[in-house]
Amino acid sequence: MHLPSGVELAGFAILLTAVPAVVALVNKRVLALGAAIAAAASMAGVIAAALTDLPVPRMSLGSTVAIGAGVGTLILLAGTALLPGAAESPGAAVRHLLDGLVIAAAIWFVGWVLLSAPTRILGDSTPMACPSLLVPAAIACVSLGLTAALALHAHRPRLITVRVAAGVSVVAVGSTALAGGLCQGWDAAVLAGSVLVPAGLFAIARAVRTADRPVRVDGDAAERGTAYAVVPMSAMVTALGFHVYAGGAFGLFGFLGAAVEGFALVFRQSLALHDVRGFAVRLRQSEAHYRELAHTDPLTSLANRRGLQRALREHAHAPVVLVGIDLDGFKTVNDVRGHDAGDAVLCEVGVRLRRNLLADDVAARLGGDEFAVLMHGTVDEAMLTAHRLLAVLGEPFEVDGGSIFLSASIGVADGGELMHDADLALRYAKQRGKNRVERYQARYDELLRRRGTLESELRHAIDRDELRLVYQPVVALPSMRPVGAEALLRWHHPTLGAVRPDEFIPVAEESGLINRIGSWVLERATRQLADWLAQGHDVWVSVNLSPKELHAADYAGQVAELLAECGAPPQRLVLEVTEHAVATDMEELISRLAELRATGVRIALDDFGAGYSSLGQLRTLPVDILKIDHALVTDEAAPLVDVVVRLGHRLGLEVLAEGIGTPAQREAVEDAGCRLGQGSLFGWGVPAEHLEAQLRTLRTATRPAPVPRSAPPKEGTARSQVVKLGPGMRQLRALLPTDPAFEALAGDQNVGSIDSGSEMRHG
């Protein structure tokens with residue numbers, strides 16, 4: 001055993017400094033394992049060289065160190081590939097490896113040309129045949145090539161990965177120098193390798209400290225190409241040309257370098273082609289997906305307006321019909337139940353449309369609550385389908401355990417400008433009262449222009465004093481004595497003339513003017529009621545209430561304030577709601593009507609039998625009067641009146657029959673037990689002064705002649721009379737001894753009230 005040289009001792013001492021670097025990598029197990037193996041192999045080789053006296057070349061010692069350091073370096077390379085940002089996928093890692101092999105093969109080939117005969121760039125310093133150098137040298141080339149590939153293609157921020165790979169390259173070069181120095185007996189190479197190995201490990205440990213930070217995966221366009229391979233290939237061709245020119249032979253090592261380069265490039269190009277094809281497929285799929293999204297409504301999954309226009313272009317020369325659909329009263333659903341409930345209703349509408357259409361038909365949501373259907377076929381077939389859709393959309397929508405009733409307005413158009421014509425037909429259906437189907441006609445343009453004029457002029461109708469109220473009497477049956485009146489709104493324009501209510505009321509509702517107009521009507525009618533009562537007329541007045549007014553904030557409080565201001569008894573005011581209001585939201589409607597009833601006013605359900613009400617709803621609705629729709633009073637439907645009257649009386653409601661126009665209809669209503677009637681037979685709507693004159697005449701004609709008295713009874717005291725105003729409502733009336741009814745009441749002490757069914761019903 002010989003004494004260790006100073007170089008060997010210095011190398012061992014320097015290699016000991018690699019231990020802290022290995023400890024620093026303990027959180028990165030793969031890197032720590034590779035670092036430990038490389039450092040241990042290097043220190044073991046130096047110790048073996050120091051303690052043994054082997055002759056040069058020391059093949060076994062050099063091979064052992066080379067294999068150990070090579071295994072450690074390979075593990076370090078694997079750990080580098082696992083770092084964040086090294087590759088976004090296993091496929092990308094393979095591409096990086098192939099790119100590294102391309103560069104590594106070029107380095108190997110150029111090195112072989114420079115070191116082998118006839119070039120022998122190192123001359124006499126060229127290493128002797130030592131197979132142990134091949135393993136670390138090859139790994140060093142791969143490490144350098146991978147470092148270059150990562151520098152080109154790793155995701156940003158790529159500095160961390162490149163620094164780790166560069167440290168691994170330093171370890172690989174140091175291991176090669178150390179193994180070659182031990183094999184050749186070169187102290188300078190041993191000392192250089194002893195310095196480079198721990199230096200590379202410290203570089204890896206320092207770079208790994210920031211490797212755990214979040215990495216933003218940002219694809220680099222350079223990884224899609226192979227233009228960087230031009231430099232390695234140019235270097236190989238130049239080296240090969242020089243080698244052949246110098247008379248060199250193409251040996252095994254040169255063949256290995258060229259083979260690796262060629263196969264790496266072929267595989268890399270195959271992967272690149274595969275990536276390009278895959279990217280093209282994904283791009284087409286993505287384009288198709290986003291194109292479909294651009295033509296699809298995200299809520300209902302139906303086509304949107306753009307999708308419908310595309311379908312119209314595709315079927316420009318085919319016989320198609322466009323059906324426009326708009327939900328009536330949908331805004332109230334959003335206002336009362338919230339947008340989540342509204343969205344659920346819209347989704348269910350989409351489901352119902354798809355369920356009731358053919359496969360070739362295109363259903364679309366154009367926005368809000370507006371839908372459209374592009375159908376193949378004739379307009380007659382489209383009309384049948386439109387009526388079927390009208391019935392389907394009229395069925396209740398179950399949302400959050402409650403039922404929402406809606407109707408729809410539908411417009412049908414064929415030929416011409418389908419979108420424009422269907423929209424006009426739809427708007428005309430709404431103007432005609434909603435819940436109906438209209439087929440486009442050319443005259444709709446003029447009608448809708450008139451609607452625009454009406455909306456513009458209606459905004460100023462109140463200020464210009466163009467609105468007025470007329471009153472249609474409500475009579476008691478069978479006496480036909482007026483006991484009440486319904487306030488009806490009329491509009492007379494200076495140039496347009498008399499505008500029908502069924503024409504301007506829908507305009508007021510859609511334009512938002514109904515609240516202001518409704519307030520004006522309620523105030524005028526209440527003041528007229530107070531005036532009639534002050535004159536001694538025993539009547540009540542009813543006012544129609546729009547659903548939008550009903551859902552206005554604190555509407556009940558406004559009614560109460562108005563009644564208090566006018567001094568009118570609340571029970572003499574009747575507010576009428578239509579069955580269309582019932583269709584919106586039962587729970588909210590019951591709550592609003594209960595607030596109104598709490599003020600003392602009475603509630604009437606108008607047009608019963610023509611809309612949505614069911615018997616179950618009728619039992620829960622807080623109403624006092626049931627108004628039978630005129631459609632049930634016709635001669636053909638007269639038997640139904642008896643059923644409705646009996647039903648209303650069983651529920652404790654007063655029943656009023658509307659639309660009585662003939663004596664036969666009046667007789668049928670009387671036979672059914674209905675005690676209140678309204679219709680042209682008893683008079684149309686007249687100005688307040690005309691009805692007032694009629695009331696005054698009837699009052700004078702029925703007033704009994706006074707009984708002559710010498711003096712009122714001295715011992716007579718005032719008595720009281722209870723007047724029944726309606727179901728559950730009575731009023732105490734004081735009778736003085738001078739009142740003609742005083743003696744009649746005195747003659748029958750058992751009479752505590754007078755049922756005014758024929759004379760003062762609902763009075």
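**Salt bridges, a short tour**

Hi everyone, let's start with Glu455, which is partly exposed at a relative accessible area of 22%; here buried means under 20% relative accessible area, exposed over 50%, and partly exposed in between, with a 1.4 Å probe and protein chains only. A word on the source: this is a predicted model, where local features need pLDDT of at least 70, side-chain atom pairs count only at pLDDT 80 or more, and totals for chains, interfaces and linings use all residues. Residues are numbered from 1 along each chain as its sequence is written, and side-chain values use heavy atoms, with hydrogens and water left out.

Back to Glu455: its salt-bridge partner is Arg459, with the closest N and O atoms 3.2 Å apart. By salt bridge I mean a side-chain nitrogen of Lys or Arg within 4 Å of a carboxyl oxygen of Asp or Glu. Arg459 is partly exposed too, at 36% relative accessibility. Both belong to a salt-bridge network that links Arg451, Glu455, Arg459 and Glu510.

Now, which residue does Glu503 pair with? Glu503 bridges to Arg450, and their closest N and O atoms are 2.6 Å apart. Glu503 sits in helix α17 (residues 501–511) and Arg450 in helix α16 (residues 444–458), so this pair ties together parts 53 residues apart in sequence. Helices are DSSP runs (H or I, at least four residues), numbered from the N terminus. Glu503 is buried at 11% relative accessible area, while Arg450 is partly exposed at 27%.

Last stop: Glu670 and Arg666 form a salt bridge at 3.4 Å between the closest N and O atoms. They are four residues apart in helix α25 (residues 663–671), about one helical turn. In total, the structure holds 27 salt bridges.

Notes
Helices (H or I, at least four residues) and strands (E, at least two) are DSSP runs, numbered from the N terminus.
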